[in-house]
Amino acid sequence: WVPKIVYRENGQVKENLEFVVEDVNNLPPPNFDGFIKQSNHWTPRPVIPYLIGRGCDWGACSFCDIPAGYDGSRRRMEIETGKRFKLLGEGNGKRRNQNLEKVISELEELSQKYQTKYFSFSDEELTGDLLRRFVDKVLEAGLEIEWECYGRIEDLYLDRDFCERLRKAGCRFIQFGIESASQEVLDANQKGYQFQSARDVLKNTYEAGIMNHVFILNGLPGDNLIEDSRLIGFLEETGHYITTIKPISYKVSKW
């Protein structure tokens, strides 16, 4: 009996309606043997992808279907399809983080194994208390790594001392979802941050020595030419603090 498998039996398609939620603290460290070789890597040293946790802390942006790929998608699929899944494991649709002692140990192990100090955190975002505690753990352990991650515009970065600690802990590049320069559009799409703080967040991280990337999302529901044009002034004002920009056109996907 294999959970989640879809199969054909006697001419009929059947489906085992279990939904598996792994305990992330029981998962082994990632293994890149055979994939990472210094001789054929396109960066000066290998950059190791690593996932501290699964899911999204916010998980409410109405334009985003990423949460549909985590255990929160079970309820959504039940509503859409009428199916009822048996839940295997403990999951409530919220973000599931590994124990930070485990994370620090594995980062040190991977750094030594692949002879690199560079990491790319693949989490949907590192935010709030998790990010603050992670920074503290890295500094306490004296772990010499350099890394990049996805982040949210939040008050945490208005603390200049924290931004300095973030840089000291190895953070070199953060990717922020700005999306729009209109608070009305951000609120309509449940982005969940106050746009007025975006400039100071980018300024503080930049001045701490951290590079910034911003995502821009044009054509969101409620957007129009006037609201969209606010981005011009914002980018003119903050361009000095931004390393890279990715503008994207809004498209509707299945979830």
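Analyst: The protein chain exposes about 14,200 Å², with carbon and sulfur atoms supplying 50% of it (Shrake-Rupley areas, 1.4 Å probe). This is a predicted model, where local features need pLDDT of at least 70 and side-chain atom pairs count only at pLDDT 80 or more, while totals for chains, interfaces and linings use all residues. Residues are numbered from 1 along each chain as its sequence is written, and side-chain values use heavy atoms, leaving out hydrogens and water.

Now the sheet. The chain has seven helices and 12 strands, taken as DSSP runs numbered from the N terminus (helices are H or I, at least four residues; strands are E, at least two). Six of the strands make an open sheet, ordered β4-β8-β9-β10-β11-β12, with parallel pairing; two strands pair if DSSP finds at least two bridges between them. β4 (47-50) and β12 (244-249) are the edges: each has a single partner strand, so one side of each is left without a neighbour in the sheet. From one strand to the next, the twist averages 20 degrees; axes here are lines fitted to C-alpha atoms, for helices over the stretch in contact, and angles run from 0 to 180 degrees between N-to-C directions.

Four bridges tie β4 to the parallel strand β8 (residues 118-121), and Y50 sits opposite F121 in β8. Helix α2 (residues 100-113) packs on the sheet here, touching both β4 and β8, and its direction makes about 155 degrees with that of β4. Contact means heavy atoms within 4.5 Å.
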